[in-house]
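Look over the sequence and the model before reading on.

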Amino acid sequence: VKKLASGLASRQSLEEPSPALNSSPAALSLRRGEAPIHLGKKMSAKTSLLQWVQEKTEALGFTIQDFSTSWRNGLPFVAIINALRPGLLDLQELKQGSDMENLEIVFKVAEQELKIPRLLEAKDVAVSNPDEKSIITYVSQFLQYSKEHAEAEEAPGNPESSTRNPELGAGIQKALCAVIKRPDLAVI
């Protein structure tokens with residue numbers, strides 16, 4: 001997690017923080033005209049990962065505050081999956097499901113479609129206080145997936161790399177979810 005987050009922290013820009021972060025000390029210091037507090041100081045791996053999650057999920061209206069209770073219903077995982085692979089899951093449909101159903105679907109889709117190992121069980125996340133370290137470990141797998149696929153897309157010889165739209169990243173975050181109709185992903 002630290003290795004992945006250090007790459008995020010080193011890429012942090014001085015852009016205006018996202019709305020989800022506006023009450024953070026960094027945002028407060030920016031409003032006062034001061035330098036953000038992560039300049040000159042290393043951002044923790046946990047904070048960097050949380051910031052990445054917030055960037056990936058805010059376009060779908062999520063405000064992720066932690067790596068514990070924010071994840072119980074599985075919907076933040078849906079938002080991350082759709083940020084990485086737009087249209088893979090239907091957020092509106094999953095909002096109708098139970099926490100356990102959502103988590104089962106998310107873990108199965110992540111494993112089958114993104115090749116992210118299933119490190120969590122739904123019954124361990126759909127509780128009043130899910131284990132923070134377990135969720136951090138699992139979410140870091142999505143960050144790794146994101147980095148690996150970004151590098152592969154930009155690699156020389158990739159026919160799509162020269163034709164890629166630079167606005168695609170923003171488009172992914174704003175993408176609406178499509179219904180997934182795959183019997184092989186059905187929860188039993």
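Is Glu121 buried, partly exposed or exposed? Glu121 counts as partly exposed, because its relative accessibility is 37%. That value falls between the cut-offs: buried means under 20%, exposed means over 50%. The model is predicted.

## Salt bridges overall

The structure contains four salt bridges.

## Glu132 and Lys46

Glu132 and Lys46 form a salt bridge through their side chains, with an N to O distance of 2.9 Å. The two residues are 86 apart, and the pair links distant parts of the chain. Glu132 belongs to helix α8, which covers residues 132-154. Lys46 belongs to helix α3, which covers residues 45-57.

Glu132 has a relative accessibility of 30%, so it counts as partly exposed. Lys46 stands at 40% and is also classed as partly exposed.

Arg118 takes part in a salt bridge with Glu104, at 2.9 Å from N to O. Glu104 sits in helix α6 (residues 99-113), whereas Arg118 sits in the loop between α6 and α7 (122-125). The pair therefore ties together parts that are 14 residues apart in sequence. Arg118 also forms a salt bridge with Glu121. Here the closest N and O atoms are 3.5 Å apart. Through shared partners, the salt bridges join Glu104, Arg118 and Glu121 into one network.

How do these residues stand in accessibility? Glu104 is partly exposed, with a relative accessibility of 23%. Arg118 is partly exposed too, at 24%. Glu121, at 37%, falls in the partly exposed class.

## Gln54 in helix α3

Helix α3 also holds Gln54. Which class does Gln54 fall into, buried or exposed? Gln54 is buried, because its relative accessible area is 5% and the cut-off for buried is under 20%.

Gln54 and Ile64 are 10 residues apart along the chain. Their C-alpha atoms are separated by 6.0 Å.

Definitions and conventions
Residues are numbered from 1 along each chain as its sequence is written. This is a predicted model: local features need pLDDT of at least 70, side-chain atom pairs count only at pLDDT 80 or more; totals for chains, interfaces and linings use all residues. Side-chain values use heavy atoms; hydrogens and water are left out. Helices (H or I, at least four residues) and strands (E, at least two) are DSSP runs, numbered from the N terminus. Buried means under 20% relative accessible area, exposed over 50%, partly exposed in between (1.4 Å probe, protein chains only).
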